[in-house]
Amino acid sequence: LGGREDMSEQSLETRVDQLEKELERVKTLYEKAFHYGHSDPEVALSQARKAAEAICRQIYVQERLDRKGKPARKAMLNDLIQALDRAEVVPRHITVSLGTIQAFGNFGTHDQGEASTAITSEYIQPCLQALTNVVDWYFESYGETANVELPSRPRISTETDAPSTQD
């Protein structure tokens, strides 16, 4: 029996280590999304989508949904969101936020022709807010056993935030 306890402790330690790595990766993607929010909004949308995908994939594996369905590495973001929603492991408001990130991320990642000029720091705000909602929920729900702090809530400045030069 002592051997099993050692194995389960080791397994738990391995899972916590893996979770810490995943949380750190999500934190980095989150910070990158905000970092590029003003200088390159299309890149910000791509980073937001990557963060959402990393979160969904981690939950999918953590909740063992990969044993019932598609392997996590082969599932697309839409598949992951639908599977998490069907399994009721993600609250509905988070599913809606994930859909927002997916829609904005797809728009920013794929060629939109002339419509690409609409992708500004102001335009991407709903996506970044949705990402903040998802990341906060994820860290509060899955990060409790890991030694990783919730990311600070960065804020991108927009052109309308610039100080006035009028006297």
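Helix α2 is followed by Arg64, whose phi is positive, near 60°. Helices here (H or I, at least four residues) and strands (E, at least two) are DSSP runs, numbered from the N terminus.

The model is predicted, so that local features need pLDDT of at least 70 and side-chain atom pairs count only at pLDDT 80 or more, while totals for chains, interfaces and linings use all residues. Residues are numbered from 1 along each chain as its sequence is written, and side-chain values use heavy atoms, with hydrogens and water left out.

**Overall architecture**

The protein has five helices and zero strands, and from the N terminus on its elements run α-α-α-α-α. Of the 167 residues in the protein, 40% are buried; buried means under 20% relative accessible area, exposed over 50%, and partly exposed in between (1.4 Å probe, protein chains only). Among the contacts with a separation of 6 or more, 70% are made by residues 24 or more positions apart, where contact means heavy atoms within 4.5 Å.

**Two helices and their spans**

The expected span of a helix is 1.5 Å times one less than its number of residues. The table sets this value beside the distance between the end C-alpha atoms.

| Helix | Residues | Expected span | C-alpha end to end |
|---|---|---|---|
| α4 | 18 residues | 26 Å | 25 Å |

An α-helix has 3.6 residues a turn, so residues three or four places apart point the same way.

Two packed helices are described by the angle between their axes and the distance between the axes. Axes are lines fitted to C-alpha atoms, for helices over the stretch in contact, and angles run from 0 to 180 degrees between N-to-C directions. Helices α3 and α4 pack at about 175°, with their axes 10 Å apart. They are therefore roughly antiparallel to each other; angles under 35 degrees count as roughly parallel, over 145 as roughly antiparallel, 65 to 115 as roughly perpendicular and the rest as oblique. On the α3 side, Leu77, Asn78, Ile81 and Asp85 meet Arg92, Thr95, Leu98, Gly99 and Gln102 of α4.

Gln102 is in helix α4 and is buried, with a relative accessible area of 12%. Not counting residues up to four places away in sequence, Gln102 touches Arg49, Leu77, Asn78 and Ile81. Gly105 also lies in α4, and counts as buried at 0% relative accessibility. With the same exclusion of residues up to four places away in sequence, Gly105 touches Leu45 and Arg49. Gly105 and Glu42 are 63 residues apart in sequence and 8.2 Å apart in space, C-alpha to C-alpha.

**Aromatic pairs**

The structure holds six aromatic pairs. Rings of Phe, Tyr and Trp (its six-membered ring) pair if their centres lie within 6.5 Å; planes under 30 degrees apart count as stacked, over 60 as edge-to-face and the rest as tilted. Tyr138 and Phe139 form an edge-to-face pair, 6.0 Å centre to centre, with 85° between the planes. Both Tyr138 and Phe139 are buried. Ring pairs link Trp137, Tyr138, Phe139 and Tyr142 into a cluster.
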